[in-house]
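This report looks at one helix and at several charged pairs. Please keep the sequence and the structure in view while reading.

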Amino acid sequence: MKDNFARQYIHITGIVQGVGFRPFVYQLALQYALVGWVINDSEGVKIEAQGDTKNLEHFIIALEQQAPPLSRIDHVTVTSLPLWLAPEKPTLFSIEKSQHCDSTSVSVSPDQGLCDACKQDIADPTSRYYQYPFTNCTHCGPRYSITRALPYDRVTTSMEGFALCCDCQQAYENPLDRRYHAQPISCAVCGPWTRFIDYSHNHNFSSAALSHSAELIQQAAINQLAKRLQTGAVVAIKGLGGFHLVCDGTHAQAVAKLRQIKHRQQKPLAVMVADIETAQQLV
């Protein structure tokens, strides 16, 4: 019987944190009836797995061939280990808590645009993410800009100060949920929220004060922002990764003011548009 079983240690480096890699490994291990564990640390993703020899071979092949779309595997090291024997043998496959190492050999994914699944959540009136602008999952959202240290965990990001609500906590801890260990996970209950501050009039439009209405939570501040942009104002948008100065690119006086603020009279400014069709009209 032992001839048909094997145990292997697998070390994977590259962009393998913040991209849903551990839940991917977990589900793959369940698929191939393996026992063991997967863990994150500053050296990458590390796996110990034991099971049928053929299943283990297919598991290792699938790790590279079916890796999450935002991941990038740079190197895979596979080492054979002695079989676990009772009573030390695990009875299932688990995701272990991240650990810190003195050395670092892992990369963090760049920030990612909203995925289609999260877009559907935002547009769905029955979803608790309905019209919540910071909706994200393991396939999208901020990564590099919120990271303070490795391994990539919520406590080492700028999301540390936002305690998860019960629903977000449940999704965060469920390996079968696409928001499992999505470090920027949040909603209108646990934040972050939008707030518009007009220093010229000392007005403070905070979405957090409107939490009794899901549809109004984010709209007050965003509407004020849109009005100011339409009238030629230059607005500083503070996100989790820093500040971004914006204005209406078709408003000559606003653009001139932005150039003056940034001391950038000649160098082109970046232009944001809603879609590729609009970009094609301008370029």
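A residue is called buried when its relative accessible area is under 20%, exposed when it is over 50%, and partly exposed in between (1.4 Å probe, protein chains only). Helices (H or I, at least four residues) and strands (E, at least two) are DSSP runs, numbered from the N terminus. The model is a predicted one, in which local features need pLDDT of at least 70 and side-chain atom pairs count only at pLDDT 80 or more, while totals for chains, interfaces and linings use all residues. Residues are numbered from 1 along each chain as its sequence is written, and side-chain values use heavy atoms, with hydrogens and water left out.

In helix H5, the buried residues are Ala-221, Gln-224, Leu-225 and Leu-229. Seen down the axis of H5, these buried residues fall within an arc of 135°, so they line one face of the helix; the arc is that of the directions from the helix axis to the C-beta atoms. Just after H5, Gly-232 takes a positive phi of about 95°.

The structure holds 9 salt bridges, each being a side-chain nitrogen of Lys or Arg within 4 Å of a carboxyl oxygen of Asp or Glu. Three of them are listed here.

| Salt bridge | Closest N and O atoms |
|---|---|
| Lys-46 and Asp-41 | 2.8 Å |
| Arg-178 and Asp-121 | 2.8 Å |
| Asp-198 and Arg-228 | 2.6 Å |

Because Asp-198 lies in strand S7 and Arg-228 in helix H5, their pair ties together parts that are 30 residues apart in sequence. Asp-198 counts as buried, at 7% relative accessibility.
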